[in-house]
Amino acid sequence: MFLSVTTAKRHRHLEVNPKIQLENQQAEKILVLPSSTEVPGLSTIVLNNPRRRNALSLPMLQSLRRDLLHDVKSRELRVIVIAAEGPVFCSGHDLKELSSEDDVKHHSQVFELCAEVMTLIQKLPVPVIAKVNGLATAAGCQLVASCDIAVASEKSQFATPGVNIGLFCSTPAVALGRSLPRKVALEMLFTGEPLSAHEALMHGLVSKVVPEDKLEEETMKISQKICESSKSVLALGKATFYRQITQDLDTAYKITTKVMVDNLTLRLEGATQLQFLFCSWVFAPAPEL
Amino acid sequence: MFLSVTTAKRHRHLEVNPKIQLENQQAEKILVLPSSTEVPGLSTIVLNNPRRRNALSLPMLQSLRRDLLHDVKSRELRVIVIAAEGPVFCSGHDLKELSSEDDVKHHSQVFELCAEVMTLIQKLPVPVIAKVNGLATAAGCQLVASCDIAVASEKSQFATPGVNIGLFCSTPAVALGRSLPRKVALEMLFTGEPLSAHEALMHGLVSKVVPEDKLEEETMKISQKICESSKSVLALGKATFYRQITQDLDTAYKITTKVMVDNLTLRLEGATQLQFLFCSWVFAPAPEL
Amino acid sequence: MFLSVTTAKRHRHLEVNPKIQLENQQAEKILVLPSSTEVPGLSTIVLNNPRRRNALSLPMLQSLRRDLLHDVKSRELRVIVIAAEGPVFCSGHDLKELSSEDDVKHHSQVFELCAEVMTLIQKLPVPVIAKVNGLATAAGCQLVASCDIAVASEKSQFATPGVNIGLFCSTPAVALGRSLPRKVALEMLFTGEPLSAHEALMHGLVSKVVPEDKLEEETMKISQKICESSKSVLALGKATFYRQITQDLDTAYKITTKVMVDNLTLRLEGATQLQFLFCSWVFAPAPEL
C-alpha cells in the first residue's frame, strides 16, 4: 500500500481493521483513512493505484464495497470522501479483465458488482463526497455521478469514451442520465469527448468547482459542515430524498410529511431513536450492513 | 396589516373580500393586492410579516391557501405574483409551532397544509410567479421551487438549513429535487449552505435573475406578457404540462396531441368553452375551488 | 428543390432515391444530402423552404419521416444532421393547415404525425444532431429538443410562442419539459419569450454553442467522431440509453449490466451480431424500418 507523505500528514488512522488493511495491502489498491485530525467523523477512501489509473478492477471494486460498508459500522462516521492518488481520478473498468480470456460469467460479475457499489453509495446512511482532481472516465465518471456530492478542481475532466473502443458506456449512462441534461449526456456518450470541470458544474454533474489548491480546503469545509449535524437526521434525510425522488408529487409529499413529523418527534425526544427508525424502513429488505 | 407606501402606490385594491381582509388584519400576515393599475389581471400576494421573517406559520399557510384560491374565482385574474416584505422572502416554518408543547397531530397539520399549498400552486389555472428579493430558506425555498416561474434579484439566496437544527428539510427536498440537479440539491440539504441567485439560475431553481432595481420591472414584464394571452389557453397549457411531465414519452404525446386538437377547435370556435374543458378533466377529483 | 452553392460544394449526393428526390422536388421542402466527402457516413437533411420559414407542414413532416427512415436503411449511414436553409431553422407547424377550413380529423393527423416524427428520432439507430443557425420556434423548438445532440450558433434563439396566438405549445412542451429545468420551460411556454443560445446551453436544451462561422466545423467534428465508432455499438448504446432512463435505478442497472456483457461478447466476437441483437429487442414491436 502506497501512502503519500502529504496524505499521511493530513490524516490519522484512528481505526483500522487489520483484516481489511491486510487485504488492501495485498490488493495494493485502496487506502482507507477512517478519520482525520481536522475533521473527526470524516473517513477518506483513496483510490490508490495511480500506475493503473485507479482502474475499477474486480479487487478494487471489492475493496471499495468493503470499505464503504466497513465505515458504516463505525459509530463515529459522519461523512465519506472518495479521493484518488495521481492525475487520473479513476479510469473505469480494468480492460484486462474484460478480455476474451475471461468468460461471460466473469464479465457479468464485474458489471454486477460495479452496479452494486454505485447503488450502495446512495443507500449508505452518510453523505458520500467525490473529491476529483483529474480525469474521471467511464465507470470512473459513473462513480463521480453516483456520489451524493462532487467537488472538483478546475483541471478535472469527465468523459465516457467506451464507444471509441467498441464498448458503449451503458452502465455509466445510468448515472450520467440522472445527473446531466439528456443532450449533454448523449453527446458525451456518443463522442467520448470530455466535459471540462466548469461544464460539469454548469450541467450538474458536480456541485462545486474550485482551483486545485483549494480542493482540499473546500472538501474539508463541506465535510466539516456535515459532521456538525446529527448523523441520524442526515441518514433519515438522505434515505428519504432518494425514496421520494422517483415518486409522483402527491406520494412524495405523503412520504416526506410523515418523515418530517417523525423527525420532529425524535428531535424533541432525543435523536437516539432515529437510527432505529431509519434502519427499520430504509433498508427493507436489509442489505448486508 | 402593514402596507408600505411604495407598495401601495404601485397597486390598487380593485377587489377585496372584506372577510379575507379582516382575517388578514387579524393574522397580520399576508397582504392581498388583487390587481394593479399597471398590469390588470395581476394579483400580488405579499408575505407581510417581516419581523417574523415571513415564516409560514399555520395562520400564514391558511391565509396563503385562501388567497390563492380566492384569486382563482376572480374572472379577471390572469397571473399571481408571490412577493414579500423585508429582507427575508420567507424563512420556512414557524419553529415555535414545532416545539414540544404541541403534539404530533398539530405538527402533522402544519406539514400537511404546507404540502397542500405547495401542490395547489401547480393546480391553479393561472401561472404563479415567485418574486424573490432576499433570503428564502427551508419551506420558503420550497415555496420558490413550487412556483411555476421564479424571478430573483441578484442579492437573493436560497438555502435548506434544517439539518443544522436537527430537522432535515425533507418536504422542501420534494420541490428542490424536482427543480435542481441532484448533487446541487443534496449539497444544499446536507450542509444548509446557500445558493447565490446566479447559482440558482444556472441550476434552474429560478428562471430569471436581475439587479435588485430591475426586479419589479422584470416581474411586471413577464406578468404583462402572460396577461396578454387567453386565460383559458394558459389554464389548459399549465394543467397539461404538469399532467404529461410525469408520463412516458408515448403517453405524454397522446395526451398533448389530443389537447392540441381541442385547443385548436376551441380557438377557432372562440375560447369560451375552453374553461369548461379545463375544469372537466384537470380537476378530477375536484379540489375545493 | 433549391440547393445553395455553398451547400452543394460541401456535400456530394452519393445515394439519392429518385422517388424521394422527385417527391421532394414537388414538395420543394427537404433536401436530403445522404453523404459528404468530408465525413463519409454523415447524412444531412436540410429543411429547405426558407420562404415559409421551414414550417413543418404535413408534406414537410411526411418528407422528414421518409428521409429519416430512408437513411436508416443505408448500411453506410452513421449519423444524421438536421439543418436548415435561411435565417429561421424551423417555425413549427404551418398555421394555414390549422385553420377552420380543415376539420378535426385533419388537425389530428398533423399533430399525430409530428409526435411520430419526434419520437422516431429517438428510435433511430443512429445519433441525430440538430444544427441550428437561427430561430427555432414551437414545433421547430420541439424538433431541436427531440434530437439526441444539438449544436447551435450564438445567434440562435429558441421559443414556444403558441400561447400568443391562443394555441399553447403543449406538444413542444413534452420535449421541452424533458430537456430543460421546469421553471425555464414554463416561462418559455407561458410568455413565448425566446431563450438565447447561451441560455439554451446553460439549461441543457442544446449541448454546444459556437460562433456562427464555427457551426459547420463543430458539427462536422462531432459527426466525424461519431462516424469513427461502430454503428452497431452506437445503435445499442442509444437504444439502451432511452430504454433505461425512464426506469428506477435498480431496473436501469439490470438492463444495462446485461447490455454491457452482450456488448463485450460481441465486441470480442466481432460486431456483426450486434445489429441483430439490437433489432431483436429494441424495436419490439417493430416499427416500419
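Predicted model: local features only at pLDDT ≥ 70, side-chain atom pairs only at ≥ 80, totals over all residues.

Q: How many helices and strands does chain A have?
A: Chain A has 12 helices and 12 strands. Both are DSSP runs, numbered from the N terminus: helices are H or I with at least four residues, strands are E with at least two.

Q: How much of chain A is buried?
A: Of its 289 residues, 56% are buried. Buried means that 20 or more other C-beta atoms lie within 10 Å of a residue's own; exposed means 12 or fewer, partly exposed is in between, and C-beta atoms are placed from the backbone.

Q: Which contacts in chain A join residues at least 24 apart?
A: Among contacts between residues at least 6 apart in sequence, 70% do. Two residues are in contact if their C-beta atoms, placed from the backbone, lie within 7 Å.

Q: Pick a helix. Is α7(A) covered or uncovered?
A: Helix α7 of chain A, residues 182-191, is mostly covered, with 10 of its 10 residues buried. Among them are R182(A), K183(A) and E187(A), along with L186(A) and F190(A).

Q: What follows α7(A)?
A: G192(A) does, and its phi is positive, near 80 degrees.

Q: Now a strand. Which residues lie on each face of β4(A)?
A: L42(A), T44(A) and V46(A) are on one side, and S43(A), I45(A) and L47(A) are on the other. Both faces are covered, as these residues are all buried. The strand spans residues 42-47 of chain A.

Q: What does β4(A) run parallel to?
A: To β5 of chain A, residues 79-84, through six bridges. V46(A) has A83(A) as its bridge partner in β5(A). Two strands pair if DSSP finds at least two bridges between them.

Q: Switching to chain C. What is the strand order in the open sheet of four strands?
A: The order is β6-β8-β10-β11, and the pairing is mixed. The edge strands of this chain C sheet are β6 (88-90) and β11 (195-196), each pairing on one side only.

Q: How do β8 and β10 of chain C pair?
A: In the parallel sense, over three bridges. β8 covers residues 135-137 and β10 covers residues 157-159. T137(C) stands opposite A159(C).

Q: Which helix lies across β6, β8 and β10 of chain C?
A: That is α5 of chain C, residues 139-146, running at about 100 degrees to β8(C). Axes are lines fitted to C-alpha atoms, for helices over the stretch in contact, and angles run from 0 to 180 degrees between N-to-C directions.

Q: And the largest nonpolar core? Which residues touch the most other members?
A: V144(A), V144(B), V144(C) and V206(C), out of 271 residues. Helix α4 (residues 104-123) of chain A gives the most to this core, with seven residues. A nonpolar core is a set of buried Ala, Val, Leu, Ile, Met, Phe, Trp, Tyr and Cys residues joined through C-beta atoms within 7 Å.

Q: What does V144(A) touch?
A: Not counting residues up to four places away in sequence, its partners include A130(A), V132(A), F158(A) and V206(A).

Q: How are chains A and B related?
A: A rotation of 120 degrees, with 0.0 Å of shift along its axis, superposes chain B on chain A at RMSD 0.0 Å. The two copies are thus related as by a three-fold rotation axis. In chain B, the C-alpha nearest the axis belongs to M202(B), 3.7 Å from it. Copies are superposed by least squares on the C-alpha atoms of residues with pLDDT of at least 70 in both.

Q: How many residues of chain B are in contact with chain A?
A: 32 residues of chain B are in contact with 39 residues of chain A. α7(B) supplies the largest share of the chain B side, eight residues.

Q: Why do the copies meet through different surfaces?
A: Only 3% of the interface residues of chain B are also interface residues in chain A, so the surfaces differ.

Notes: Residues numbered from 1 in each chain as written. Chains lettered and ligands numbered in written order.
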